[in-house]
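Subject: Structure handover and notes

Hello,

I am passing on the structure we talked about, and my notes on it follow below. Please keep the structure open beside you while you read.

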Amino acid sequence: METLYVVATPIGNLEDITLRALNVLKEVDLIACEDTRHTGKLLKHFEIQKPLLSYHQHNEKFQTNKILEKLKDGKKVALVSDAGTPGISDPGQVIVEAVIEAGGNIESVPGASAVITAISASGLCTDSFLFKGFLSSKPSARKKELQAVAQTKETLVFYEAPHRLLKTLDDMFEVLGNRSACAARELTKLHEEWARDSISELITHFKARPAIKGEFVLIIQGFTGEQEWPDSPAEAALKLINEQGLSKKEAAKQVAHERGLSSRSLYQELI
Ligand code: SAM
């Protein structure tokens with residue numbers, strides 16, 4: 001069985017492709033990619049001509065079998081995504097698992113990824129971090145996901161779409177408190193921008209824009225126990241009771257967990 005190459009491609013600036021990535025893309029028999037037109041343009045830029053196979057989140061399972069057959073037929077296959085590293089908030093995991101299961105060989109050809117590009121220059125702690133990818137687009141699920149990491153000491157890293165940026169920052173302010181943060185926009189591209197400030201200042205900064213455009217990575221300081229909060233613990237608990245129908249006990253537990261407080265004394269305060 002031949003090798004599957006998991007190849008990172010640029011997240012904007014085409015000069016970020018690696019020499020090894022180019023060599024691998026030139027050597028393989030087939031390139032599996034999310035969007036054949038998008039990858040076609042990248043390959044054209046580097047004067048590479050290869051057969052392309054569409055491999056995206058909606059056909060991943062079906063196309064995995066096809067790729068396995070090709071590898072078993074002795075064909076070398078490269079997997080790329082539209083941008084950055086495959087498998088990082090992008091398709092990839094299914095084919096990687098399948099090749100491992102089939103006893104095949106995989107090589108990872110490293111390169112750009114927005115998460116690493118963003119955290120490395122964010123100014124926030126890089127010793128350890130938790131990459132959460134995209135939060136849910138549903139407000140209540142998004143808040144729950146944030147509540148689950150509210151006491152995580154590691155730096156938090158999220159991907160976000162421009163049309164959800166403000167809603168997500170608002171939820172972060174409410175659930176995580178007013179932490180230090182960084183919004184990294186359009187990395188490696190013409191309109192690259194770094195906004196490093198508290199969450200509330202980032203909200204003010206982006207609210208002032210007539211339109212929010214581009215791709216974003218949000219990096220948020222981990223839990224230190226010293227966050228500023230938009231409201232008192234009792235007010236936050238009352239909000240949960242009124243808006244989400246939680247009981248006093250549940251609300252006290254949740255707010256106490258987020259803020260590192262005693263749930264018992266908050267419950268006492270509520271009753
Ligand atoms: N596989 C990619 C990687 O390794 O970073 C991520 C793909 S994910 C579908 C796309 C998201 O990554 C965007 O919505 C944005 O949050 C982030 N992203 C990708 N390129 C970016 C860039 N140039 N600047 C800022 N964020 C970017």
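Which helix supplies the largest share of the lining of the largest cavity? That share comes from helix 9, which contributes five residues. Before going further, please keep in mind that this is a predicted model, and that everything below was computed from it.

Of the 271 residues in the chain, 44% count as buried.

The cavity

The structure holds one cavity of 30 Å³ or more, and the volume of the largest cavity is about 110 Å³. Among the residues that line this cavity are Gln147, Glu174, Val175, Asp231, Lys239 and Arg259. Besides helix 9 (233–244), helix 7 and helix 10 (248–259) each give two or more residues to the lining. Sorted by class, the lining of the largest cavity has six charged residues, four nonpolar ones and two polar ones. Both domain 2 (115–220) and domain 3 (233–270) provide at least three residues of this lining.

The largest pocket has a volume of about 810 Å³. It is lined by 33 residues, of which Asp82, Ala83, Gly84, Asp90 and Glu215 are the closest to its centre. At least two lining residues come from each of helix 2 (36–45), strand 7 (155–160) and strand 10 (216–220), and helix 2 has the largest share, with three residues. By class, the lining of the largest pocket has 16 nonpolar, 10 polar and seven charged residues. Domain 1 (3–112) and domain 2 (115–220) each give at least three residues to the lining of this pocket.

The nonpolar core

The largest nonpolar core has 21 residues, and those with the most contacts inside it are Phe158, Leu169, Met172, Leu176, Phe206 and Ile220. Two or more residues of this core come from each of strand 7, helix 7 (165–176), strand 8 (180–185), helix 8 (199–207) and strand 10. Helix 7 gives the most to the core, with five residues.

The aromatic pairs

The count of aromatic pairs comes to three. One of them joins Phe131 and Tyr159 in an edge-to-face arrangement, with 4.9 Å from centre to centre and 65 degrees between the planes. This pair links distant parts of the chain, since Phe131 lies in strand 6 (residues 129–134) and Tyr159 in strand 7, 28 residues apart. Does each partner count as buried or as partly exposed? Phe131 counts as partly exposed because its relative accessibility is 27%, whereas Tyr159, at 9% relative accessibility, counts as buried because that value is under the 20% cut-off.

Tyr159 also forms an edge-to-face pair with Phe134, at 5.8 Å centre to centre and with 70 degrees between the planes. Here too the pair links distant parts of the chain, with Phe134 in strand 6 and Tyr159 in strand 7, 25 residues apart. Phe134 has a relative accessible area of 46%, so it is partly exposed. Taken together, ring pairs link Phe131, Phe134 and Tyr159 into a cluster.

Best wishes

Key. Residues are numbered from 1 along each chain as its sequence is written. This is a predicted model: local features need pLDDT of at least 70, side-chain atom pairs count only at pLDDT 80 or more; totals for chains, interfaces and linings use all residues. Side-chain values use heavy atoms; hydrogens and water are left out. On a 1 Å grid over the protein atoms alone, a cavity is a set of points where a 1.4 Å probe fits but cannot get out, and a pocket is an open set with protein on both sides within 12 Å along at least five of seven lines; lining residues have an atom within 4 Å of a point. Grid points are joined across faces, edges and corners, and a volume is the space filled by probe spheres set on the points. Helices (H or I, at least four residues) and strands (E, at least two) are DSSP runs, numbered from the N terminus. Ala, Val, Leu, Ile, Met, Phe, Trp, Tyr, Cys and Pro count as nonpolar, Asp, Glu, Lys and Arg as charged, and the others, Gly among them, as polar. Domain bounds come from an automatic or database domain assignment. Rings of Phe, Tyr and Trp (its six-membered ring) pair if their centres lie within 6.5 Å; planes under 30 degrees apart count as stacked, over 60 as edge-to-face and the rest as tilted. Buried means under 20% relative accessible area, exposed over 50%, partly exposed in between (1.4 Å probe, protein chains only). A nonpolar core is a set of buried Ala, Val, Leu, Ile, Met, Phe, Trp, Tyr and Cys residues joined through side-chain atoms within 4.5 Å.
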